[in-house]
Amino acid sequence: MTYDLEYNSERTTLHIPEYGRHIQKMVEYAVSIKDNEERNKVAKSIIAVMGNLNPHLRDVPDFQHKLWDQLFIISDFKLEVDSPYPKPSREMLEESPAPLDYPQNHPKYRFYGNNIKRMIDAALKFEEGALKEALIFNIANHMKKCYLNWNRDTVEDKVIFDHLFELSNGQINLNKKEEDLAEAADLIKGNNKKQYNKSKSKKNYRNNKGRKRY
């Protein structure tokens, strides 16, 4: 008895492996059909089968467009049918995407991060009053906290005020204010408390892992 076996080395390349060998064979069969009407009928049937693999998306217009594009890709752009959407080209598929424009910010004080500058710019747009003053002091306290993450020893409020004055281009000067920022110990304590609770929860999980529950 002779079996008609196929080896992967003899098979055509799967252009979209997610659809498998059977879908590719169906598309190759559609390409071989000479009659235009019959070929269009078979192509629509293949689209229906491809849509059944994702039934929750098959009736979405954008998804239908995607299925037709994938049908042409599987056929290696050899299938000639009346598609309801523009037929994609090989050049379009192989075209490299445009490079993304990443923000190239190089702040002088990197330990504050880029968001601090955005917060300062937003605070400058506020009208003068208690709300703006409270926001500025919150920003200063956050700057002090960021500074302490970089330097755990200590930091004087004047250093933060000078940095804030510089980052705001001289528009925010807290050196003239009598109010002090939060104590360094309190800012560090908040971080240590979160780390302690996190490590404690992991320890309890390990201790309770082997216990029986009744």
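Buried here means under 20% relative accessible area, and the views below are taken from a predicted model.

**View 1. The buried side of helix 7.** In helix 7, the buried residues are Asp157, Ile160, Phe161, His163, Leu164 and Leu167. Because these residues cover an arc of only 165° around the axis, they sit on the same side of helix 7. They pack against helix 5 and helix 6, and helix 7 is followed by Asn169, whose phi is positive, near 55°.

**View 2. The largest nonpolar core.** This core holds 24 residues, of which Tyr112, Ile120, Met143, Ile160, Leu164, Leu167 and Leu174 touch the most other members. Two or more residues each come from helix 5 (114-124), helix 6 (130-150), helix 7 (157-167) and helix 8 (184-208), with helix 6 giving the most, eight residues. Leaving aside neighbours within four places in sequence, Leu167 is in contact with Tyr109, Tyr112, Ile116, Lys117, Ile120 and Met143. Another core, of 21 residues, lies apart from the largest one and includes Ile23, Val27, Phe72 and Val81.

**View 3. A cluster of aromatic rings.** Ring pairs link Tyr109, Phe111, Tyr112 and Tyr147 into a cluster. Tyr109 and Phe111 form a tilted pair, 6.0 Å centre to centre with 55° between the planes; Tyr109 is buried, at a relative accessible area of 14%, whereas Phe111 counts as partly exposed at 23%. The ring centres of Phe111 and Tyr147 are 5.2 Å apart and their planes stand at 90°, so this pair is edge-to-face. Since Phe111 lies in the loop between helix 4 (90-94) and helix 5, and Tyr147 in helix 6, the pair ties together parts that are 36 residues apart in sequence.

Methods:
Residues are numbered from 1 along each chain as its sequence is written. This is a predicted model: local features need pLDDT of at least 70, side-chain atom pairs count only at pLDDT 80 or more; totals for chains, interfaces and linings use all residues. Side-chain values use heavy atoms; hydrogens and water are left out. A nonpolar core is a set of buried Ala, Val, Leu, Ile, Met, Phe, Trp, Tyr and Cys residues joined through side-chain atoms within 4.5 Å. Buried means under 20% relative accessible area, exposed over 50%, partly exposed in between (1.4 Å probe, protein chains only). Helices (H or I, at least four residues) and strands (E, at least two) are DSSP runs, numbered from the N terminus. Contact means heavy atoms within 4.5 Å. The arc is that of the directions from the helix axis to the C-beta atoms. Rings of Phe, Tyr and Trp (its six-membered ring) pair if their centres lie within 6.5 Å; planes under 30 degrees apart count as stacked, over 60 as edge-to-face and the rest as tilted.
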